[in-house]
Amino acid sequence: TVSKARPHILAKIWNKSMLSLRERLFLLIIAGFLILGNLPRFLPMPTAFGNVNLSEVLLYAISLLIFPIRSFSIFRTSLGVTLILGTVFSTCVGLLKWGIDFTALVYSSRLLIQITIAHLVAGILAEKLYSPQNLIVRNYLLTYTAMAAIAIALLILFPNSTDLWKTLSSFGVEFAGDPHINRLVSLYFDPNFYATIIVLPTIIALHGALSEKKLSYIASSALLILTLFLTVSRSGISLLFLIAIGYAILQSPRLHLIKLPQIILPAVPLLIFSLSTATLLSFEQVERLAMRLAQGLGDGSSTARFESFSLGLRLMEDEFLLGYGYNFALSFIRESGRNGIDSSLQLFFLTYGALPATIILIIFAIKFYIIDRNLRQISNTPTLPSLTSAHVLWRIVASYFVMTLLWAAHFNQVLFYPFWLIPTLAFIFLFERVSDNHVRQCQRTDLF
């Protein structure tokens, strides 16, 4: 006799598409936060903070008030725990090395809250991932399509961004933005940040347009691509092409013939660590090569990025192993006459230290492999009609995260930018929860 198969836990939650009132409110606040960008930056704060984004403050307060207990469930996810413990450890390193720094402590607390909010979003959406209407994708794209439409309107009204800064200043929105002419800056007030962030919804929209051939996906992808190119951002546009190439490879029917060893993913962060060490050991040679490349490119932004990279290397030489502590390096950076370092990957190693940063990257690499393997295993579950597209969606998100880390993160501080960090981590945590649920379901099934 054949025993009746127990229904898969993901199949049980398949039809739970209704959201509670507080969940709807929370997601609406998240969407408003992402769409409005830096526009609500009219709350003045003393010291080093400048004007604070009011929507960000409201998001943090309301999130923790609505879900005070659910917030602690982040300690059930390995990636969430990795980031929380890594940031706490980095903060403690900074306190032990440099003493109390109020600004650094505030930024550390801010990062911890952002990680928690991403986890809350993932928890709410985990039960909606396999809805036949693809509610998550549709609403995600709707959010960024609205943002793109607003960005185009801003470009039409203010082709010179300096006029936009003056207009915002008259309404109390203080923002020290760079001058841009005929470049789309969006409500993030920076073309490079916007370009990097918009790549993920663009690839997802393109996938929807190619797989489902719906007019909504086609229109959304066209608009998003248009805004991306209007930024004239080399880092963002090149990131789109890199991920598009990776997407095409992953979708290749011959991919299953390629058997990559399991060691390949953990080897990636180890390679980064090795290159970082080699860079420090041969600093003069790297500095000479980078200067020649910057002079060859011959523009101001390339030279400025070289100077920023050079400063980061010098700071890393002094505190290589454990770093300065999260945001404790800011005072040392400002002593050199700069407000920050362009490469957020470099800042990641600078603040967390080479050893903790490499451990974090190894954990992420291993977990990414496990998530991908589990999603492949459950892709044959017939009761989950959207599973195949969900697996592809995971690979798009994972590819975007990796390529942003290895490529786009060298050109701006996107890794610690809340408008990038929260939605990207939310997607990653979402798929981690789905993967973990699958493992727990398999363990329960083996008991019967």
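A word on the source before I start: the model is predicted. The count of salt bridges comes to six, and I will go through some of them.

I begin with Lys97 and Glu319. Their side chains meet in a salt bridge, with 2.6 Å from N to O. Lys97 sits in helix α4, residues 78–98, while Glu319 belongs to the loop between α13 (300–318) and α14 (330–335), so this pair ties together parts that are 222 residues apart in sequence. Are the two partners buried or exposed? Lys97 has 33% relative accessibility and counts as partly exposed. Glu319 has a relative accessible area of 19%, and that makes it buried. The cut-off for buried is under 20%, so Glu319, at 19%, falls on the buried side.

Next, helix α16, which covers residues 354–377. Which residue forms a salt bridge with Lys367? Asp436 does, and the N to O distance is 3.0 Å. Lys367 is in helix α16 and Asp436 is in helix α18, residues 418–446, so the bridge links distant parts of the chain, 69 residues apart. Both of these residues are buried. There is also a network of salt bridges here, linking Lys367, Glu432 and Asp436.

Arg395 pairs with Asp372, and their closest N and O atoms are 2.9 Å apart. Arg395 counts as buried, at 18% relative accessibility. Asp372 is buried as well, at 12%.

Last, the asparagine. What does its side chain contact? The side chain of Ser435 is joined to that of Asn374 by a polar contact of 2.6 Å. How far is Asn374 from His438 in sequence and in space? The two are 64 residues apart in sequence, and their C-alpha atoms are 7.2 Å apart in space.

To go back over helix α16: Lys367 bridges to Asp436 in helix α18, Asp372 bridges to Arg395, and Asn374 has its polar contact with Ser435.

That is what I have for today.

Methods: Residues are numbered from 1 along each chain as its sequence is written. This is a predicted model: local features need pLDDT of at least 70, side-chain atom pairs count only at pLDDT 80 or more; totals for chains, interfaces and linings use all residues. Side-chain values use heavy atoms; hydrogens and water are left out. A salt bridge is a side-chain nitrogen of Lys or Arg within 4 Å of a carboxyl oxygen of Asp or Glu. Helices (H or I, at least four residues) and strands (E, at least two) are DSSP runs, numbered from the N terminus. Buried means under 20% relative accessible area, exposed over 50%, partly exposed in between (1.4 Å probe, protein chains only). A polar contact is a pair of N or O atoms within 3.5 Å; within protein, one must be able to donate a hydrogen and the other to accept it, and residues adjacent in sequence count only if both atoms are side-chain atoms.
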